[in-house]
2 protein chains.
Amino acid sequence: MIYQTEYLGYAAGIITTLAFLPQAIRIFRTRRTRDISLLWAFAMNIGIILWLLYGIAKNDLPIIAANSITLMLLMIILYCKVRYR
Amino acid sequence: MIYQTEYLGYAAGIITTLAFLPQAIRIFRTRRTRDISLLWAFAMNIGIILWLLYGIAKNDLPIIAANSITLMLLMIILYCKVRYR
């Protein structure tokens, strides 16, 4: 039962991490970010940095791995938002 | 030290949850979702439902609370994306 719950957490983490890939690719290609909220992109970068620090403090590899990838994708999204308004 | 780490987790959770509020408000008001990836919106809804089930299985109130609010906001975003292409 504990094992099944862990798998649920891994599946959730993988999906919410990889979800940012099509969004990052879309705005990187189209260079259009009008409908993306700057506040969302900025707050998400801050929040994911905090999740990453939390993972490092707890020495929790899945949290570190998932949030490293998400942060990379969100940095691309924030860069595009600021660059191509 | 453990307490400080917990606060870090709460701060991260609150920021990545509330980040979706300006994004949901923006596309609900403008009714423009062109630059939002449908795959992102769809995958995020699925992923957050799994995080919610994970929180329920682990009886973890902060995870349940954060992901309930995020799911509500992401359902609005997905609805707008499908409704106003």
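Buried area is the accessible area (1.4 Å probe) that two parts lose on being put together, summed over both. In this predicted model, chain A and chain B bury about 3200 Å² between them, with 69% of that on carbon and sulfur atoms. On the chain A side, A:Arg34, A:Asp35 and A:Trp40 lose the most area to chain B, together 20% of what that side buries.

**Interface of chains A and B**

- The contact (heavy atoms within 4.5 Å) takes 35 residues from chain A and 35 residues from chain B.
- Across the interface there are 4 salt bridges, a salt bridge being a side-chain nitrogen of Lys or Arg within 4 Å of a carboxyl oxygen of Asp or Glu.
- A:Asp35 and B:Arg32 join their side chains in a salt bridge of 3.9 Å, N to O.
- Helices H1, H2 (20-30) and H3 (38-58) of chain A are the elements that give two or more residues to the side touching chain B; helices here are DSSP runs (H or I, at least four residues), numbered from the N terminus.
- H3(A) gives the most to that side, with 13 residues.

**Surface of helix H1**

- A:Tyr7 lies in helix H1 (residues 2-18) of chain A.
- A:Tyr7 has a relative accessible area of 57%, so this residue counts as exposed (over 50%, 1.4 Å probe, protein chains only).

**Conventions**

- Residues are numbered from 1 along each chain as its sequence is written, and chains are lettered from A in the order in which they are written.
- Local features need pLDDT of at least 70, side-chain atom pairs count only at pLDDT 80 or more, and totals for chains, interfaces and linings use all residues, while side-chain values use heavy atoms, without hydrogens and water.

Notes
Buried < 20%, exposed > 50% of the residue type's maximum accessible area, 1.4 Å probe, protein only.
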